[in-house]
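Hi everyone, thanks for coming. Have the sequence and the 3D view ready, and we'll walk through them together.

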Amino acid sequence: MSNRLIGRLPKVGIRPVIDGRERGVRESLEIQCMEMARNAARLIEENLRFPSGEKVTCVIADTNIGGVAEAALCADKFEREGVAVTLTVTPAWCYGTEVMDADPHTIKAIWGFNGTERPGAVYLAAALGGYGQKGLPTFSIYGREVQDTGDTEIHADVREKILRFVKAGLAVTQMKGKSYLSIGYSSMGIVGSMVDQGFFHDYLGMRTEFVDQTELLRRMQENIYDADEYQKALAWTLANCKEGKDYNREDLKADEGRKKWEWETVVKMTLIIRDLMVGNPKLQEMGYGEEALGRNALVSGFQGQRQWTDHMPNGDFSEAILNSSFDWNGIRQPYMVATENDSLNGVSMLFGHLLTNTAQIFSDVRTYWSPESVKRVTGKVLEGKAENGIIHLINSGSTTLDATAKQSNEAGNPVMKPFWEISEGEVTECLKATTWPQAVKEYFRGGGYSSQFKTDGEMPVTMCRINLVKGIGPVLQIAEGWTVVLDPGVHRILDERTNPTWPTTWFAPILTGQGAFKDVYRVMANWGANHGAISYGHIGADLITLASMLRIPVNMHNVNTDRIFRPALWNSFGEDKEGQDYRACEAYGPLYGIK
């Protein structure tokens with residue numbers, strides 16, 4: 001397990017703050033205050049990892065912080081250690097602005113212990129008032145239940161908020177300074193593929209890098225890839241990736257020689273796209289020093305259509321394999337690659353990956369099927385979680401093979417797991433559940449192979465999407481729901497009404513009876529673009545916290561209000577939660593922009 005990108009992983013700083021009055025007050029709190037910090041660090045380090053597998057590291061101030069001098073010593077230590085997210089903890093009153101984290105570049109939260117002897121809640125309120133005047137959005141963590149002075153347990157509601165805050169904060173800081181790699185540019189007029197450099201810079205702190213698709217041709221023609229790895233990859237692909245049914249008309253079907261060449265080509269494309277993203281030291285040995293460095297890309301997109309696919313095999317195989325948690329080199333962290341270079345959906349995938357450490361599904365939000373329409377077409381009634389209707393998620397390219405639902409947890413339920421929890425047997429099952437039909441030539445004149453499978457298990461998932469809206473900027477949509485399994489006959493009839501060579505996920509959003517989630521039709525009708533990114537788990541609350549850190553308002557979600565966790569300052573912008581969000585994001589502006 002190792003971070004494959006340039007730049008150190010961010011750390012979490014724990015700041016125990018204390019009443020600085022000596023001769024009795026400070027001395028009585030020293031042990032409790034530092035133990036509170038240690039408990040918070042243990043909670044974080046025992047529960048959180050980075051997507052590359054490394055455990056999250058916490059750094060604790062050398063002493064409790066009773067005033068500005070100790071706050072400065074802590075800040076100096078945190079700067080040396082690479083701390084980007086800070087959690088201030090206290091069981092008592094402290095000197096508000098003197099002990100606060102005054103660094104405008106760290107992401108901040110305060111946990112004020114809910115006790116009555118020397119209440120940390122009083123300091124929490126005072127400090128939040130100070131942060132409000134300084135315009136530094138800070139998250140407030142305050143337990144529901146009063147605890148005794150000697151109680152070192154972190155109650156469930158506090159645990160949830162600490163972990164949600166840290167996960168989101170680390171997601172923000174992992175994006176900073178990394179790249180979105182645009183391979184090609186605009187695909188079929190899809191606005192998300194017209195990469196907006198301002199959005200990436202101002203809101204995410206990311207670079208935008210651009211490489212023409214002809215670079216793939218150059219590297220293939222000049223053999224600028226690891227030839228030994230290519231032979232290994234090709235052998236693995238031919239052994240494990242079963243060619244599916246050819247749906248093309250007879251006059252468009254390729255002969256065996258052409259098919260062999262297409263397999264060889266798409267494997268080379270996969271190696272080259274990966275090398276473009278993160279580099280490859282083997283290329284340095286071959287005399288290609290510039291190419292060996294890569295673009296430090298945390299996420300990329302491949303234009304494909306139409307200029308590439310009218311001439312060469314499509315990117316479906318490359319995108320699907322790169323987005324999966326395994327390949328010919330074994331089980332590894334998935335790459336984030338957006339089909340059709342839809343950078344906004346690529347970022348949406350990235351959000352889910354950074355929050356869950358799992359592979360992500362990229363899909364067209366293709367069709368709403370009402371219960372009435374399904375019965376009319378198939379004669380069958382939708383049941384279970386699908387009873388109110390379903391949305392057909394399907395796309396030729398970036399759907400990860402992890403989405404076959406052939407991984408499982410200890411209870412035997414289908415899941416999508418971080419790569420370090422996946423077994424070789426589960427990899428085999430994911431591959432067995434997938435076939436690779438020849439690309440349909442009406443879509444892809446240059447041929448290629450698209451993955452074909454269905455998500456064959458009921459899993460909790462969250463669909464999200466970033467959209468750019470003139471006059472507002474970026475907004476985030478979120479829909480928690482479930483993948484559902486249909487009667488095989490119903491699946492076949494519905495699936496074959498569109499392109500059956502592509503992977504299908506049937507999605508049933510959770511309904512609230514209000515607004516965009518009054519029914520499934522409204523979820524589909526209110527979705528802001530043709531694509532969605534789907535992550536394992538109900539992570540809508542985590543996405544809302546992350547979006548607030550980035551100053552991106554959420555315009556549609558079905559997350560229970562009790563789970564929403566945003567900076568305390570948002571409460572100063574009115575009572576309605578969504579209005580608060582819009583007004584606060586407008587007031588503070590993008591995280592890295594100039595307001």
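At 1% relative accessibility, Q477 counts as buried, where buried means under 20% relative accessible area, exposed means over 50%, and partly exposed is in between, with a 1.4 Å probe and protein chains only. You'll find Q477 in strand β19, residues 473–483. Helices (H or I, at least four residues) and strands (E, at least two) are DSSP runs, numbered from the N terminus.

Before going on, a word on what we are looking at. This is a predicted model, where local features need pLDDT of at least 70 and side-chain atom pairs count only at pLDDT 80 or more, while totals for chains, interfaces and linings use all residues. Residues are numbered from 1 along each chain as its sequence is written, and side-chain values use heavy atoms, with hydrogens and water left out.

Back to Q477: which side chain does the side chain of Q477 make a polar contact with? The partner is the side chain of N467, at 2.9 Å. A polar contact here is a pair of N or O atoms within 3.5 Å; within protein, one must be able to donate a hydrogen and the other to accept it, and residues adjacent in sequence count only if both atoms are side-chain atoms. Not counting residues up to four places away in sequence, Q477 also touches a list of others, including M463, C464, W527 and N555. Contact means heavy atoms within 4.5 Å.

Now zoom out to the whole chain. The secondary structure of the protein chain comes to 19 helices and 22 strands. Its radius of gyration is 25 Å, close to the 25 Å that the globule rule gives for 595 residues, so the chain is as compact as a globular protein of that length. That radius is taken over C-alpha atoms, and the globule rule is 2.2 Å times the number of residues to the power 0.38. Along the principal axes, the C-alpha atoms fill a box of roughly 90 × 65 × 50 Å.

How many of the 595 residues count as buried? The share is 60%. As for contacts between residues at least 6 apart in sequence, 74% join residues at least 24 apart. On charges, the protein chain has 63 positive and 75 negative side chains, and the centres of the two sets lie 2 Å apart. Lys and Arg count as positive and Asp and Glu as negative, while His and the chain ends are not counted. The place of a charge is taken as NZ of Lys, CZ of Arg, CG of Asp or CD of Glu.

Next, please find T138, in strand β5, residues 138–141. T138 counts as buried, at 1% relative accessibility. Its C-alpha atom is separated by 9.5 Å from that of W570, 432 residues apart along the chain. Leaving aside neighbours within four places in sequence, the contacts of T138 include K108, Y131, P567 and L569. A polar atom of the T138 side chain also lies 3.0 Å from the backbone oxygen of L136.

Let's move to helix α9, residues 256–278, where we find T270. T270 is buried, with a relative accessible area of 1%. Beyond four places in sequence, T270 touches F317, S318, I321, L322 and W328. K259 is found in helix α9 too. Is K259 buried or exposed? K259 is buried, with a relative accessible area of 11%. K259 and G448 are 189 residues apart in sequence, and their C-alpha atoms are 8.1 Å apart in space. Among the residues that K259 touches are E243, D246 and Y449.

One more helix: L350 is found in α13, residues 343–356, and is buried, with a relative accessible area of 0%. Among its contacts are M175, M206 and M336.

Last, some backbone geometry. Most residues other than glycine have a negative phi, and most peptide bonds are trans. With that in mind, look at R23, where phi is near 70 degrees. R23 sits in the loop between β1 (11–16) and α1 (25–47) and counts as exposed, at 86% relative accessibility. N223 is not a glycine either, and has a positive phi of about 60 degrees. N223 is in the loop between α7 (214–221) and α8 (227–240) and is partly exposed, with a relative accessible area of 44%. Finally, a cis peptide bond joins Q305 and R306, with omega about 0 degrees. You can look for R306 in the loop between β9 (297–302) and α12 (316–323).
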